[in-house]
Amino acid sequence: MGWLAIGLGAWLGGWWLNHVLSHRPATRLTRLAVPVIFGLSIVVIWESLVRGLEISPVLLPPPTQIAATFAAKTHILWEDFVQTVIKGALTGYILGCGAAFLIAVAIDRFPFLQRGLLPVGNFVAALPIIGMAPILVMWFGFDWQSKAAVVVVMVFFPMLVNTVQGLQDTSAMQRDLMRTYGAGYWTTLLKLRLPAAMPFIFNGLKIASTLALIGAIVAEFFGSPIKGMGFRISTSVGQLALDLVWAEIVVAAIAGSAFYGGVALLEKAVTFWHPSQRGRS
Amino acid sequence: MRNLVPVLTVVCAIFAIWYAAAVWLNAPWAHNKAERAGTTLEFTELVADTWSQDKPKLPAPHQVGAEIWNTTGAMVASGRGFSKRSLIFHSWVTFSATALGFVLGTGLGIALAIGIVYNRTMDMSVMPWVIASQTIPILAIAPMIIVVLNAVGISGLLPKAMISMYLSFFPVVVGMVKGLRSPAHMQLDQMRTWNATPAQTFWKLRLPSSMPYLFTSLKIGMAASLVGAIVGELPTGAVAGLGARLLAGSYYGQTIQIWSALIMAATLAAVLVGLIGVIQRIVLKRMGMA
């Protein structure tokens, strides 16, 4: 009963605090504090509900137990992190986005290819590409190479479509101005069209960053060496070691947020001139 | 229509590359077989062999097409259209989970968006977490959600639909928040001069002007919820559904089965997204927006 009261208290307290904070003039501090308070009260409510209602840790472990497992098994988590995120996701991300970018620049020179590839690319980007995972695992073996291949296939089309669209995002006036300067194709590309395409390219990079982690983890469900986050999650679920599963999820969440945040920071530095970035400082 | 010729060219090129890749990837096995039989292969024999293997590394398009026909049209013709071996049955299983998850996710997304637009506290506390929730690779949790919900006695359609819901609510929230906030200040002021109640402002101004945003998000949400349903079927032990076909195919090395399930999934995605596109066109036309 006591735990339930604490949970209720955390809920009401968090709500009230956020209500007060959000109705005061917004500063950088309140902007940061409000979501943090929301998240913290969720964790406290979770903990007290699990303890108060005596939910079996096999179904839903309390946050404290997850934290304890996280601290106790850091070496396993680190090994899985290296296998899945660094070797699988990151390699595939760099290869896939790089290839998509180069091909986008290449097909940009041919309007015929552009008109043909854009609809097809848009179509493929909406398909359940993740289904390619078993095929690629079969082709490239169980180790990280096949995971990187899945990531390459997953990030390729969103990145391609965004880059091609971005390269078209210059007005006739701007291109004419470049021509009056006597600029050739390469100068126009480097000085005008690539910078103008950057917001689109970063949009693609952001979408790809979440897809990359998903691809690498799900591909491990179809076969992997005895390490890796997807492998650990699927086997630990079988052993009902849900605290370890949640610890892996925490790692995945941190890695995913850091990955996305890193790309967003880079975007802020590169496209500082764009209206969507200028508004907030 | 202007794009028809380029698109067809690209599609033909894809098929040509596919056939060529099939020859290239399946050739080692064909050579190996010929060597054991003590013969050598002419080029035409090699091509014929690589396009008709039983368990090829990469099946040729016509093999996949034949497999799809055998498990759909031919089974319907023989009156067993809904048997467990037919892809129609598996597609239906996946579709029902996708549709349920999509409806739940859209409902949740619209409700959250309305809350975010009308309540400052929710805007500041929930919105950052909605965005953060998508940096978590949710599909990674799919096996756990299925197992846990099974343990508390919820099985069948709902666990898969939950995963679809989680994936599809996000684009709807983001799109609807943008859409509900899209009316200009001038329009909102106009509603105020007419002494409109908040409910009237919502039904007559905010909701109608959010429609284009809603449909764009619905398309993304539908594609996402199909992925969710397919991944949700993986840990159920390959019982039914397109995801189960993928897993079973990868266990037994049945590449043709994997590819046919994949093509069916792609077709399903194209049909569902296309359907939303048609509804979008009709609705926006009747509203005078397109």
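**Salt bridges, helices and the contact between chains**

Modeller: Over all chains, a search of the whole structure finds seven salt bridges. Please keep in mind that this is a predicted model.

Biologist: Which residue does Asp108(A) meet in a salt bridge?

Modeller: Its partner is Arg193(A), and the N to O distance between the side chains is 2.5 Å.

Biologist: Now the two chains. How many salt bridges are there between chain A and chain B?

Modeller: The count is zero.

Biologist: Which helix of chain A gives the most to the side that touches chain B?

Modeller: That is α11(A), with nine residues. Other helices of chain A also supply at least two residues each, among them α1 (2-22), α2 (28-52) and α9 (185-219).

Biologist: What classes of residue make up that side of chain A?

Modeller: It has 36 nonpolar, 11 polar and three charged residues.

Biologist: And how much area do the chains bury between them?

Modeller: Chain A and chain B bury about 4,300 Å², with 83% of it on carbon and sulfur atoms. Of the area that chain A buries against chain B, 15% comes from Arg115(A), Pro128(A) and Trp139(A), more than from any other three residues.

Biologist: How many residues does each chain bring to the contact?

Modeller: Chain A brings 50 residues and chain B brings 52 residues.

Biologist: Let us change topic to chain B. At what angle do the axes of α1 and α2 cross?

Modeller: In chain B, the axes of helix α1 (residues 4-37) and helix α2 (residues 43-50) cross at roughly 105° and come within 8 Å. The two helices are therefore roughly perpendicular to each other.

Biologist: Which residues make that contact?

Modeller: They include Ala22(B) and His31(B) of α1(B), and Leu46(B) and Asp49(B) of α2(B). By class, the contact has six nonpolar, three polar and two charged residues.

Terms used: Residues numbered from 1 in each chain as written. Chains lettered and ligands numbered in written order. Predicted model: local features only at pLDDT ≥ 70, side-chain atom pairs only at ≥ 80, totals over all residues. Heavy atoms only, no water. Contact = heavy atoms within 4.5 Å. Buried area = accessible area lost by both parts, 1.4 Å probe. Salt bridge = Lys/Arg side-chain N within 4 Å of Asp/Glu carboxyl O. Helix = DSSP H or I, 4+ residues; strand = E, 2+ residues; numbered from the N terminus. Nonpolar A, V, L, I, M, F, W, Y, C, P; charged D, E, K, R; others polar. Axes fitted to C-alpha atoms, helices over the stretch in contact; angles between N-to-C directions. Parallel < 35°, antiparallel > 145°, perpendicular 65-115°, else oblique.
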